[in-house]
Amino acid sequence: MIIFFILNLAFSKGEELVFHVYYGAFGAGIAYLRVLKDDSIFHFQAQGHTNKFFSIIFYVNDRIDTYCDSNFLPLRQEKNLHEGTWKKSMWYKFDYDSLKVYDSDSKVSKLEKGAYDVLSIFYKLRNENFKVGDTLHLLLFADRKIYKIYALVEKKEKLDTDFGEKDAIKLILL
């Protein structure tokens with residue numbers, strides 16, 4: 001189940017969503033989703049890291065930046081990942097004219113028209129107006145592959161939040 005808030009303005013520059021991450025009952029870290037630029041080229045960022053206690057068990061400090069056009073199609077994605085003793089920095093360049101994705105490992109992947117990456121799809125969905133019963137057909141590019149994602153708009157509901165009551169929709173992944 002995924003829930004997105006319906007807002008008149010889906011997001012704006014400077015927005016930061018903060019998520020406290022738990023491993024069972026134990027606080028493990030914190031994750032952020034940020035909007036760093038919102039004009040003709042969007043810049044979205046996801047960042048997550050373990051807290052001091054959990055870092056003793058398994059250290060994580062990951063950051064993903066996505067730059068996309070006004071239709072939320074990714075143009076470039078940069079990943080800086082540090083998980084345990086493993087580290088990797090890489091980038092992907094999306095070319096919709098040739099339907100290819102080029103990356104920092106000199107590999108070329110196939111791309112399909114309308115494919116999003118994980119950050120651009122999140123913000124694209126937040127910017128859409130859904131009706132109950134709609135079925136969403138989405139393409140996600142991740143790890144050099146295209147995944148077909150289907151979701152059903154199950155219902156609209158009101159949620160109590162720290163910021164008051166908010167309209168939300170419930171999506172079910174099919």
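## Where two strands meet

Let's start at one end of a sheet: strand β8 (residues 100–103) and β9 run antiparallel and are joined by three bridges. Here K100 stands opposite K110 in β9. Two strands count as paired if DSSP finds at least two bridges between them, and strands (E, at least two residues) and helices (H or I, at least four) are DSSP runs numbered from the N terminus.

This is a predicted model, in which local features need pLDDT of at least 70 and side-chain atom pairs count only at pLDDT 80 or more, while totals for chains, interfaces and linings use all residues. Residues are numbered from 1 along each chain as its sequence is written, and side-chain values use heavy atoms, leaving out hydrogens and water.

## The sheet and its helix

The open sheet has eight strands in the order β2-β3-β4-β5-β6-β7-β8-β9, with antiparallel pairing. Its edge strands, β2 (16–23) and β9 (108–110), each pair on one side only.

Helix α2 (residues 118–126) packs on this sheet, touching β2, β3 (26–38), β4 (42–50), β5 (61–68) and β6 (74–83). Its direction makes about 70° with that of β3; axes are lines fitted to C-alpha atoms, for helices over the stretch in contact, and angles run from 0 to 180 degrees between N-to-C directions. Seven of the nine residues of α2 are buried (under 20% relative accessible area, with a 1.4 Å probe and protein chains only), so α2 is largely enclosed by the rest of the structure. Among them are L119, I121 and Y123.

## Y123 and its partners

Which residues does Y123 contact, leaving aside its neighbours within four places in sequence? They are F11, E15, L33, R34, V35, F44 and F72, where contact means heavy atoms within 4.5 Å. Y123 also belongs to one aromatic cluster with F11, F42, F44, F72 and F122.

## Rings in the cluster

Rings of Phe, Tyr and Trp (its six-membered ring) pair if their centres lie within 6.5 Å; planes under 30 degrees apart count as stacked, over 60 as edge-to-face and the rest as tilted. By this rule the count comes to 11 aromatic pairs. In one of them, the rings of F11 and F44 have centres 5.5 Å apart and planes at 85°, so the pair is edge-to-face. F11 lies in the loop between β1 (2–5) and β2, and F44 in strand β4, so this pair ties together parts 33 residues apart in sequence.

Both partners are buried: F11 has a relative accessible area of 8%, and F44 is at 0%.

Note on methods
Buried < 20%, exposed > 50% of the residue type's maximum accessible area, 1.4 Å probe, protein only.
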